[in-house]
Amino acid sequence: MYLAIIYEIFFLVYIIMASILAVILIKRKHKIAPIIIFLSIAGLIYSGYLEPQWIKIREQKIEVNKLNEEIKVVVIGDWHFRPFKGEKFANRAIAKVAALQPDLILMTGDFLFFDDLPAFEKDLRALGGLAKIAPTYTVLGNHDYGIVFPDESFLYTDSHREITKILEEQGIQVLSDEQEKVIIKDEEIVLAGFDEYWRKVRNPKKAVAGFAKNDDLKIGISHHPDIAYDQEGINLDLVVAGHTHGGQVRLPLIGALGDADSVMSKTDYGKYLPEHQPKIFNTVGIGESGPHLRFWNRPEIALLRIK
């Protein structure tokens, strides 16, 4: 929570001081500098307070040739609950999900950014609204375990047990190196939920034990897209993942600026990779890590039309 306050203070101080400086420069008859300053203020307000709230619906057709009838799967990743993006934001997103009438909802983890779980427990419980729409499954991400870097350095409190308990009380099933079979439109679909990739203690082979190339649709759910590049991904048809945030801040012609410490190329952040085996759908997520900034990269609810 302290980090959240620091970010907010920095943003407000910058806006106030930059505005004062621009007025002083205008009075001194400077022409270019005040315009640049006002553009930077407008950019900060847009990327810090407007775009992060501007949810888009992203639709993606995925051909797996294993289903007789198309199914609709909603994918949401990286909620990162924080001030200004809590229960009200979640309820707004859930209403958009309900309008899509999905058959299945999958989430890719990272429910927290800050380690003050009691402050965001109410926001987390709001996600129970998803389970009332369709069967909902999730995995956890590095922030839920308090892991910040791949070497398993800990900066935040490990809250994964508490998060799991809260989500399951709301009817959301948390998969941790586990399999789950679901029946949708008389079709059997196998979900393989992978535990946090940066954890040293995990068992991804358990999530795909007994898998073989057959007619059953097999979907892997992972916070990190990296699992799709490992041996465990070979017999999966599709891996849905988050973590990269699509770079969070993107620039035209340049692409993603943020680095997610992933084997996935930055040019592929937030993309659907149909030629990869397994196919990878990487969502840009719905929340933000670090400063609450997004640019050219709106938070999304993904609707996968799988056939």
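Author: The terms are taken below with the values behind them. This is a predicted model, in which local features need pLDDT of at least 70 and side-chain atom pairs count only at pLDDT 80 or more, while totals for chains, interfaces and linings use all residues. Residues are numbered from 1 along each chain as its sequence is written, and side-chain values use heavy atoms, with hydrogens and water left out.

Reader: Why is the contact of Asp 237 with Lys 66 called a salt bridge?

Author: A salt bridge is a side-chain nitrogen of Lys or Arg within 4 Å of a carboxyl oxygen of Asp or Glu. The closest N and O atoms of Asp 237 and Lys 66 are 2.9 Å apart, so the pair meets the definition. The two residues sit in distant parts of the chain, 171 residues apart: Asp 237 in the loop between strand 8 (217-222) and strand 9 (238-241), Lys 66 in the loop between strand 1 (56-62) and strand 2 (71-76). Helices (H or I, at least four residues) and strands (E, at least two) are DSSP runs, numbered from the N terminus.

Reader: What makes Asp 237 buried?

Author: Buried means under 20% relative accessible area, exposed over 50%, and partly exposed in between (1.4 Å probe, protein chains only). Asp 237 has 15%, and therefore counts as buried.

Reader: How do you know that Lys 181 and Glu 188 meet in a salt bridge?

Author: Their N to O distance is 3.9 Å, which is within the 4 Å limit. Lys 181 is exposed because its relative accessibility is 56%. Glu 188, at 32%, is partly exposed.

Reader: Which strands make up the open sheet, and in what order?

Author: The sheet has six strands in the order 6-7-8-9-13-12, with mixed pairing. Two strands pair if DSSP finds at least two bridges between them. Strand 8 and strand 9 have four bridges, in the parallel sense, so they pair. One of these bridges joins Ser 222 to Ala 241 in strand 9.

Reader: What makes a group of residues a nonpolar core?

Author: It is a set of buried Ala, Val, Leu, Ile, Met, Phe, Trp, Tyr and Cys residues joined through side-chain atoms within 4.5 Å. The largest one here has 57 residues, and those touching the most other members include Ile 76, Trp 79 and Phe 111. Helix 3 (87-100) gives the largest share, six residues.

Reader: What is meant by the largest pocket, and which residues lie nearest its centre?

Author: On a 1 Å grid over the protein atoms alone, a pocket is an open set of points where a 1.4 Å probe fits, with protein on both sides within 12 Å along at least five of seven lines; lining residues have an atom within 4 Å of a point. The largest pocket holds about 430 Å³ of space. Of its 25 lining residues, His 143, His 243, Asp 259, Ala 260 and Ser 289 lie nearest the centre.

Technical notes:
Grid points are joined across faces, edges and corners, and a volume is the space filled by probe spheres set on the points.
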